[in-house]
Amino acid sequence: MATATAPDRTLPFLRRLTKHARIPINAFEEAGTQADGELVRLSMGPFRPYLVTHPDHVQHVFVANQRNYVREGMFWDPLAPLLGEGILSDGDSWQESRRILQPLFTAKYVNSLAERMAEIIDELIEETVVPGQPFDVAKGVSAIVHPTIVRLFFGAKISVADINRLVPAYDVAVTAKAIRLVMPFVPDQFPMPGDRPFKRAIETIDDVVYPRIRQARAQEQVGDDVVSRLCRARQDDLGAEGDRRIRDDLVAMHGASTETSATALTWAWPVLQAYPEIAAKVQEEIDRVVGDDRVTTAHLPDLVYLRMFVHELLRLYPPGWILPRMAVETDVVDGVTIEAGSTVLLSPFLTHRLPKFWDRPLVFDPERFAPGNDNRRHRYAYWPFGAGPHVCLGQHLFMMEAPLLIAGILRKYRPVVHHEGPVLPRLASSLRPVAGLSMTLVPR
Ligand code: HEM
């Protein structure tokens, strides 16, 4: 990056945020369009974060000078009581968790998780779908995605009662703090809606998670679920402190995997409805590859178009739409001085919509991800799973989960979404579609 500095460009943002109070992502989208890849500051009174969208700048913050940009401040501090000091923290505690977790996610283990996932998703589609009855899309998707992850992570021994306590508690925990995400200048001591439900949700999660950890430890960790593997990896790290470290990694991973997957898979249905030609290609491929079988991981390599569809879904609707970092020391990025202690906002949502890097950026077109096309892109123009040392540990698992779920539904049902016009995002820490979107699955 250049070392010469120029006066930074500041965009007024507070009024924009007030104008789009119900859908703040629109305020960010407007600012992103105005900045057009330039590194700008967003003025929200005394709080003036930097907005980083250009792929070169993303590379600088996430890779080249990654150590200078830590997970602190906006977004991270309010969520810290949930996420703890494990894989979603930073510094030494994060490094230790990454050292323990990364080897767990070998291709072999991820494939074995995906095999199990295929069975669970199939069972849950059977159990939860009521054909011909309208249902809330987000709730319906979550009713499959969330128990799938819980069963994979916690093993078959987790009771239905515990699953039924964990699932809503996580939902509350990851959404309750949304308002603090867009109002980071409000001090923690100042009570905000969502603070108390957030606290109660953490208590519920801990009530389920700690006994499961102790049980896995007592059974000498024979299982192959994620809890048992984590316990084995930390077998020398005993006592309350060791249990807490396992808890932090487990809860952080659980949070990172369910909210993101469920959000992405909720967008699939309105998009399929909005683009009938694309939907027809997806359907044709599933019918040809899967036929009347149950969907298994063996089908995945042949579901090429569906994979392209999922990538395009993550381009336009990346669930982790905003990732803040805090600058430890003053840095200069492309001539702009980033002051020590300031917040830097990175957004795959905005990078993925830059006209300089994407032809017709707002058009949904899976062909962008046809095999071989990724060589033509800037490496950091597409990063729904983050980049650099903090890159997502679950991306391959998700790229198997998504086709398993979409094909599992489409092989049996024709989806009808009850909505006119474009489906808009709503305020949440991940990019969720508007509440109350409903759909019917009609048997084919
Ligand atoms: C659509 C699905 C998913 C998306 C879009 C997604 C996105 C992301 C992003 C953007 C990051 C980087 C966060 C940062 O830089 O601060 C991340 C990190 C992470 N993701 Fe995912 N993720 C998804 C699914 C999953 C799944 C299924 C798992 C489960 C194993 C998972 C586990 C993690 C973990 C553990 C990290 C932290 C890595 C680290 O900091 O070292 N994710 N994810």
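Guide: Two strands count as paired if DSSP finds at least two bridges between them. The model is a predicted one.

Visitor: OK. How many bridges join β5 to β13, then?

Guide: Two, and the strands run antiparallel; β13 covers residues 438-443. Asp136 has Ser438 of β13 as its bridge partner.

Visitor: What sheet do they belong to, and in what order?

Guide: An open sheet of three strands, ordered β5-β13-β10, with antiparallel pairing. The edges are β5 (135-136) and β10 (413-418); each has a single partner strand, so one side of each has no neighbour in the sheet.

Visitor: Which helix lies across β10 and β13?

Guide: That is α12, residues 239-274, and it runs at about 90° to β10.

Visitor: Switching topic. Which residues of α4 are buried?

Guide: In α4 (residues 76-83), the buried ones are Trp76, Pro78, Leu79, Leu82 and Leu83. They span an arc of only 150° around the axis, so they sit on the same side of α4.

Visitor: Why would residues a few places apart point the same way?

Guide: An α-helix has 3.6 residues a turn, so those three or four places apart point the same way.

Visitor: And what comes just after α4?

Guide: Gly84, which takes a positive phi of about 70°.

Visitor: Last one, the ligand. Which protein donor does its iron atom have?

Guide: Cys392 is the only one, through SG at 2.3 Å.

Visitor: Where does Cys392 lie?

Guide: In the loop between α15 (348-351) and α16 (395-410).

Technical notes
Residues numbered from 1 in each chain as written. Predicted model: local features only at pLDDT ≥ 70, side-chain atom pairs only at ≥ 80, totals over all residues. Heavy atoms only, no water. Donors = N, O, S within 2.8 Å, 3.2 Å for Na, K, Ca; no water. Helix = DSSP H or I, 4+ residues; strand = E, 2+ residues; numbered from the N terminus. Buried < 20%, exposed > 50% of the residue type's maximum accessible area, 1.4 Å probe, protein only. Arc of directions from axis to C-beta. Contact = heavy atoms within 4.5 Å. Axes fitted to C-alpha atoms, helices over the stretch in contact; angles between N-to-C directions.
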